[in-house]
Amino acid sequence: MIHQFLLDATWNGGRNSTGTIQTGNLSHSISIPKEMGGPGIGTNPDEMLLGAAATCFLITYAAMLERAQIEVESLTLHAEADVDVTNNIFEFRAIRHFPTVVLKEQNQLEKAERLAFKAESSCMITKAVAGNVAVSVTPNVKAVDRDV
C-alpha cells in the first residue's frame, strides 16, 4: 500500500528571502540558516532532514521496544547533524542519534540496547539517505533506580 504525503511551499524572492511550507499538521516559515549566510527565519532543510531522521528513529525504536514487551519508563533523544559547506558546495555528512531509555526492569537492558541499533538500520529515513549520509546511534540504556 502506497501512502502519499503532500507539501505546498511558497518562496518570496532570491536566495536570502523567506518562504513557508504547509504539509499535514506542519506549517512553518523557512529560510537559509544564519550560519550559512541566510536570514535564519523559521526552519531549514538541514533541520528538517535531521528532524525527519530523529523522529523516524524515535518512533521506530519505541515500536520495537513495545513489540518486544520491554516496559519503558522514559525515552528521550538528542540528535546531531553535520553539514559541510566547502567552496559553496553543501553536503549533508552525518546524523548521530543519542537515545536515552530508562526501563522499568533491569533484566532487559541488553535487548533494549540491541534494539536501538536495529531501529536505526530499520528506519525508512536512514534507508533513504543510505550511501550518502552516515547515520549512527549511541544508546544509553538504564533501568529505574528503585532505591531512590
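Author: Two strands pair if DSSP finds at least two bridges between them. Strands (E, at least two residues) and helices (H or I, at least four) are DSSP runs, numbered from the N terminus. The model is predicted, so local features need pLDDT of at least 70 and side-chain atom pairs 80 or more, while totals for chains, interfaces and linings use all residues. Residues count from 1 along each chain as its sequence is written, and side-chain values use heavy atoms, without hydrogens or water.

Reader: In which sense do β5 and β6 pair?

Author: β5 covers residues 89–103, and β6 covers 134–137. Four bridges join the two strands. Ala 94 stands opposite Ala 134 of β6. The sense of the pairing is parallel.

Reader: Which residues make up the covered face of β6?

Author: In a regular strand, side chains alternate between the two faces of the sheet. On β6, Ala 134 and Ser 136 form the uncovered face. The covered face is Val 135 and Val 137.

Reader: How far apart are the sulfur atoms of Cys 56 and Cys 123?

Author: The structure holds one disulfide (cysteine sulfur atoms within 2.5 Å). Cys 56 and Cys 123 form it. Their sulfur separation is 2.2 Å.

Reader: What parts does the pair tie together, and how far apart in sequence are they?

Author: Cys 56 lies in helix α1. Cys 123 sits in the loop between α2 (109–122) and α3. The pair therefore links parts whose separation in sequence is 67 residues.

Reader: Are Cys 56 and Cys 123 buried or exposed, and what is the hand of their disulfide?

Author: Buried means under 20% relative accessible area. Cys 56 has 14%, so Cys 56 is buried. Cys 123 has 0%, so Cys 123 is buried. The torsion about their S-S bond is about 140°, so the disulfide is right-handed.

Terms used. Buried means under 20% relative accessible area, exposed over 50%, partly exposed in between (1.4 Å probe, protein chains only).
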